[in-house]
Amino acid sequence: MFLIDISSNIWSGGPSSPQILQTLNHKIQFNMDFFDEFKIWVVLICIISQLGHGFYLPGSYPHKYVVGDQLSVKVNSLTSIDTEIPYSYYSLPFCKPPEGVKDSRENLGELLMGDRIENSPYKFNMYTNETEIFLCQTKPLSGEEYKLLTNRIDEIYQVNVILDNLPAIRYTKRDSYFVRWTGYPIGIKVDGGYYLFNHLKFTVLVHKYEETNVASVMGTGDATDVIPTGGKSGSDEPGYMVVGFEVTPCSVRHNPESVKNLKTYGKYPSKITCEDNTVNMAIKENEPVSFTYEVAFVESDIKWPSRWDAYLKMEGAKVHWFSILNSLMVITFLAGIVLVIFLRTVRRDLTHYEELDKEAQAQMNEELSGWKLVVADVFRAPSNPGLLCVMVGNGVQILGMAVVTIMFAALGFMSPASRGTLVTGMLIFYMVLGISAGYVAVRMWRTLFCGDHRGWVSVSWKVACFFPGIAFLILFVLNFLLWGSHSTGAIPFSLFVILILLWFCISVPLTFVGGYFGAKAPHIEYPVRTNQIPREIPPQKYPSWLLVLGAGTLPFGTLFIELFFIMSSIWMGRVYYVFGFLFVVLILLVVVCAEVSLVLTYMHLCVEDWKWWWKSFFASGSVALYIFLYSINYLVFDLKSLSGPVSATLYLGYSFLMVLAIMLATGTVGFLSSFWFVHYLFSSVKLD
């Protein structure tokens with residue numbers, strides 16, 4: 001408790017450090033005699049240091065720069081919504097840094113997303129405005145380089161530059177408002193000619209560093225430590241933090257004679273006028289290109305924790321709320337049907353059945369109809385029971401990964417400030433949740449075979465390899481297309497090896513651990529006995545699978561609005577950050593899938609169709625079919641500029657992988673809810 005008291009004092013601006021230490025010593029003396037002074041100092045220093053940085057999220061600590069500190073701009077892959085194939089920045093004839101091209105450290109998520117962050121020749125000095133800075137003059141463009149540049153301009157490729165982890169933003173005026181873009185185009189085609197943006201006007205927004213009230217704490221002996229306050233060795237010089245990064249690209253024709261003797265970072269001899277609506281630098285074969293830039297620092301009221309607001313502004317909050325209200329209406333409608341089934345139909349029949357004496361029950365058994373007639377067949381094992389168990393196990397794993405990932409993202413622990421953390425987190429959560437996949441699949445296997453634990457090793461192995469194997473096969477095929485295009489989106493062979501090692505060293509063993517516990521856990525006992533001879537299913541007026549496929553429209557109705565924003569984020573280069581809305585939509589989707597499958601299972605039982613196992617899975621899992629059709633619609637009408645068969649194949653391949661994961665997750669929800677419903681329904685019926 002004494003630690004809690006101290007932390008509350010620090011946050012509330014309470015007593016000074018000496019008073020806190022005095023209070024600490026008193027509490028140690030009376031309450032914690034077993035601690036020595038050295039340990040208390042260490043604990044105190046750790047607590048204060050953690051509280052001093054407790055405001056910031058992981059991976060997003062502020063960096064203070066004093067006037068004159070060097071700022072280095074980095075470049076990411078060239079991207080285009082026209083092809084969806086990223087390329088390296090230095091695949092084009094751009095200026096290279098004098099010290100050579102160096103890759104930045106990248107995490108697993110960045111590599112999988114095709115990010116390749118490298119250093120650039122652009123360098124600034126904090127709060128030092130500079131103009132007419134010469135970078136370099138390229139060699140005369142060869143025919144191949146000219147063709148590559150013009151192709152990239154035709155395909156609307158964007159250059160992505162980064163300063164202090166902030167991507168550059170470009171603003172363009174359209175009518176009476178400004179449109180925000182990330183990055184800037186390589187060039188533009190005007191009247192049949194190709195013009196290159198070879199002069200960049202950078203604007204860096206800075207905010208004056210605000211010192212915190214946390215005092216430096218000094219220990220004694222081996223525990224000496226000082227709480228860092230930022231800046232250079234505790235200097236009193238004013239410090240600044242980067243809170244914004246804007247770029248304006250220009251096409252400027254430089255005088256070849258003026259740059260002949262200039263070196264990198266030299267001063268261009270004449271004034272460079274950067275005009276948005278004017279292009280002058282036409283690229284031609286066998287002619288060099290000169291690159292220049294300028295930078296201006298502007299003090300801003302934007303505080304460091306709010307610097308990502310400009311990137312995370314996602315319009316359409318009312319649309320998100322409309323989507324949620326629409327989902328709630330669907331849930332209410334289905335909940336009403338479920339309520340009628342439980343309270344009016346099932347409860348009424350069961351109550352009436354229990355009130356009869358044995359003789360009347362025997363007579364009534366001969367006149368039974370509907371779901372009561374399939375009591376001896378409803379728990380008959382389905383066809384392909386092993387595949388069903390494997391798919392349910394994988395569905396639990398994928399659904400758990402989605403819930404945990406979106407929850408962490410909604411809480412801000414997977415911010416766009418930390419590139420690749422979302423994909424990395426998904427992989428980690430998926431591997432760890434292999435234990436739940438193995439447990440559910442093996443326990444369901446034992447339930448289907450009345451407690452027989454034989455074969456649980458085979459089931460665990462299939463669970464560990466089913467979805468990851470399909471995903472690996474799809475990614476491997478798509479990777480060949482990216483390798484052939486020399487794209488940075490291609491997963492390096494070394495990364496493939498790392499993924500396989502993670503798969504077999506973490507995911508597979510955890511799945512076997514879950515399977516072991518599932519084999520040891522008691523199986524779910526059926527409430528009624530199953531006859532040896534299956535009951536014949538009466539002919540139906542309409543195909544039962546038609547209802548199953550149609551049932552997917554209701555879950556699709558709960559998420560199709562949010563799906564548009566997700567697709568735009570993935571394929572249109574926009575930042576998606578409304579994870580709070582997404583988490584609510586995910587919960588609503590789970591509820592709708594459970595209700596849809598439950599209602600449809602009851603309808604099948606009422607027409608004496610006892611083969612409900614797979615139908616309950618696909619009743620909710622069929623939402624994946626509509627998502628895939630929506631993906632094709634999005635490709636045709638929203639990504640109509642997508643060029644080339646390679647781009648379309650990549651889009652369809654990734655879409656299929658996403659749809660497969662959704663089918664397994666939603667199908668699992670439907671199956672488990674139906675299994676619970678059928679077990680509950682027939683556990684109330686006692687028949688000999």
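Modeller: Counting bonded cysteines along the chain, the disulfides follow the pattern 1-2, 3-4; a disulfide here is a pair of cysteine sulfur atoms within 2.5 Å. This is a predicted model, where local features need pLDDT of at least 70, side-chain atom pairs count only at pLDDT 80 or more, and totals for chains, interfaces and linings use all residues. Residues are numbered from 1 along each chain as its sequence is written, and side-chain values use heavy atoms, with hydrogens and water left out.

Biologist: How many disulfides does a search of the whole structure find?

Modeller: The search finds 2. In one of them, the sulfur atoms of Cys-95 and Cys-136 are 1.8 Å apart, and the link is left-handed, with -90° about the S-S bond. Cys-95 sits in the loop between β2 (70-75) and α4 (108-112) and Cys-136 in strand β4 (residues 130-137), so distant parts of the chain, 41 residues apart, are linked. Helices (H or I, at least four residues) and strands (E, at least two) are DSSP runs, numbered from the N terminus.

Biologist: And what about Cys-250 and Cys-274?

Modeller: Their sulfur atoms are 1.6 Å apart, and this link is right-handed, with 45° about the S-S bond.

Biologist: Is Cys-250 buried or exposed?

Modeller: Cys-250 counts as buried because its relative accessibility is 1%. Buried means under 20% relative accessible area, exposed over 50%, and partly exposed in between (1.4 Å probe, protein chains only).

Biologist: Switching to rings: how many aromatic pairs does the search find?

Modeller: It finds 51. Phe-472 and Phe-476 are stacked, because their centres are 6.1 Å apart and their planes are at 15°. Rings of Phe, Tyr and Trp (its six-membered ring) pair if their centres lie within 6.5 Å; planes under 30 degrees apart count as stacked, over 60 as edge-to-face and the rest as tilted.

Biologist: Where do Phe-472 and Phe-476 lie?

Modeller: Both are in helix α12 (residues 456-484), 4 residues apart, about one turn of the helix. Trp-613 and Phe-671 form a tilted pair, 6.1 Å centre to centre with 35° between the planes. Trp-613 lies in helix α17 (residues 613-621) and Phe-671 in helix α19, so this pair ties together parts that are 58 residues apart in sequence.

Biologist: How accessible are Trp-613 and Phe-671?

Modeller: Trp-613 is buried, with a relative accessible area of 2%, and Phe-671 is buried too, at 0%.
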